[in-house]
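The sequence and structure come first, then the notes by topic.

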Amino acid sequence: MLIDLHTHSFVSDGTDAPADLIRAAKTAGLDVVALTDHDTAAGWPEAQRAADEVGITLVPGMEISTRLGSASVHLLGYLLDPTHPPLVAALDRILDGRNGRVPAICAQLQAVGIEVTEEDVRLSAGDAAATGRPHIADVMVATGAVASRDEAFAKFLNPGRPGYVRRYACPLEEAIGLVGEAGGVPVIAHPWGRSPGALTEETLARLTAIGLHGIEVDHQEHSPQAREALRGIARNLGLVVTGSSDHHGTGKVDHDLGCNTTDPDEYERILELATSAPSTGSAAAPRRG
Ligand code: AMP
Ligand code: ZN
Ligand code: FE
Ligand code: FE
């Protein structure tokens with residue numbers, strides 16, 4: 001059984017429509033796939049219809065933008081009720097922060113001679129509920145200012161580069177609480193990924209005590225050594241271990257669907273930990289055992 005628990009559609013910064021992503025997951029041989037767009041559940045209904053059509057299990061999820069001190073941490077929430085009002089309020093605030101920073105980024109890029117307008121970014125983001133720096137990167141690729149999303153981040157969009165603008169992210173402890181209250185299962189995405197250091201075993205132990213249930217271990221941003229060390233921490237703390245592609249369509253190279261997967265026993269633990277049955281409008285929602 002092949003299980004990939006972290007993917008993005010064009011509802012955030014992936015490049016596939018939710019239905020196309022699900023069909024691609026089926027073609028890639030996956031049995032279970034989670035749709036985890038940044039800060040939104042907007043892709044769930046379309047993804048669920050496609051999952052029912054092709055016969056694959058969809059795990060509804062999202063990847064929430066959070067902060068621990070000054071560090072950015074991504075929190076995956078699985079099988080949560082997306083209508084839980086305090087969660088909706090937190091997501092709205094994050095999405096406002098995403099949209100609100102676009103003009104500031106454009107102004108800063110223009111100041112260094114890169115022509116990107118808000119209108120360009122709006123067109124690039126299309127119907128995305130969550131606008132992100134990748135949409136700005138795509139405009140820069142289209143105008144020839146850079147060759148790839150990677151180059152846009154490295155030269156202009158990462159912290160410390162001329163186009164970087166900070167945005168609101170929910171305190172991690174609060175987000176863990178919200179996912180739990182919404183009946184879902186909170187799992188930290190790529191804990192030792194691009195900005196490692198903040199999530200020590202001691203910190204993860206403290207977060208586990210307030211409701212964290214798992215960590216993503218098998219992820220492209222983790223070296224073999226990091227994966228082994230994280231597996232050890234998960235064992236010590238009793239955390240669920242997940243693996244995923246973090247697929248973004250053509251938006252990220254080397255993140256093909258199923259390139260990392262989650263052990264079926266660990267997936268089963270997630271189903272057991274979920275306390276709500278989120279309605280994606282399907283009779284074929286993930287079920288225990
Ligand atoms: P934002 O959501 O605006 O904070 O942008 C961060 C998102 O951009 C991450 O969650 C990734 O999905 C994506 N990202 C970050 N770095 C890169 C990169 N070098 N190339 C492509 N996508 C990236
Ligand atoms: Zn992303
Ligand atoms: Fe992430
Ligand atoms: Fe992601």
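Are His 74 and His 190 buried or exposed? Both His 74 and His 190 are buried, where buried means under 20% relative accessible area, exposed over 50% and partly exposed in between (1.4 Å probe, protein chains only). The model is predicted: local features need pLDDT of at least 70 and side-chain atom pairs count only at pLDDT 80 or more, while totals for chains, interfaces and linings use all residues. Residues are numbered from 1 along each chain as its sequence is written, chains are lettered from A and ligands numbered from 1 in the order in which they are written, and side-chain values use heavy atoms, with hydrogens and water left out.

**Iron site**

- The iron ion (ligand 3) has Glu 63 (OE), His 74 (ND1) and His 190 (NE2) as protein donors, at 2.1 to 2.2 Å.
- Donors are N, O and S atoms within 2.8 Å of the metal (3.2 Å for Na, K and Ca); water is not among the atoms, so sites may look incomplete.
- Along the chain, the iron donors follow the spacing E-x10-H-x115-H.
- His 74 belongs to strand S4 (residues 71-78) and His 190 to the loop between strand S6 (185-188) and helix H9 (201-209), so the pair ties together parts that are 116 residues apart in sequence.
- Helices (H or I, at least four residues) and strands (E, at least two) are DSSP runs, numbered from the N terminus.

**Zinc site**

- Asp 13 is buried at a relative accessible area of 9%, and His 38 is buried at 6%.
- The zinc ion (ligand 2) and the iron ion (ligand 3) are separated by 5.6 Å.

**Strand S4 and its partners**

- In S4, 7 of the 8 residues are buried.
- S3 (residues 57-68) and S4 run antiparallel and are joined by 8 bridges; two strands pair if DSSP finds at least two bridges between them.
- Leu 68 stands opposite Ala 71 in S4.
- The hairpin of S3 and S4 has 2 residues between the strands, and Gly 69 takes a positive phi near 60 degrees there.
- S4 also runs antiparallel to S6, with 4 bridges, and Gly 77 stands opposite Pro 186 in S6.

**Ala 130**

- Ala 130 lies in the loop between helix H5 (118-125) and helix H6 (133-142), and is buried with a relative accessible area of 2%.
- Leaving aside residues up to four places away in sequence, Ala 130 touches Val 11, Ser 12, His 38, Leu 95, Arg 98 and His 135; contact means heavy atoms within 4.5 Å.

**Whole protein**

- The protein has 11 helices and 8 strands, and 53% of its 289 residues count as buried.
- Among contacts between residues at least 6 apart in sequence, 71% join residues at least 24 apart.
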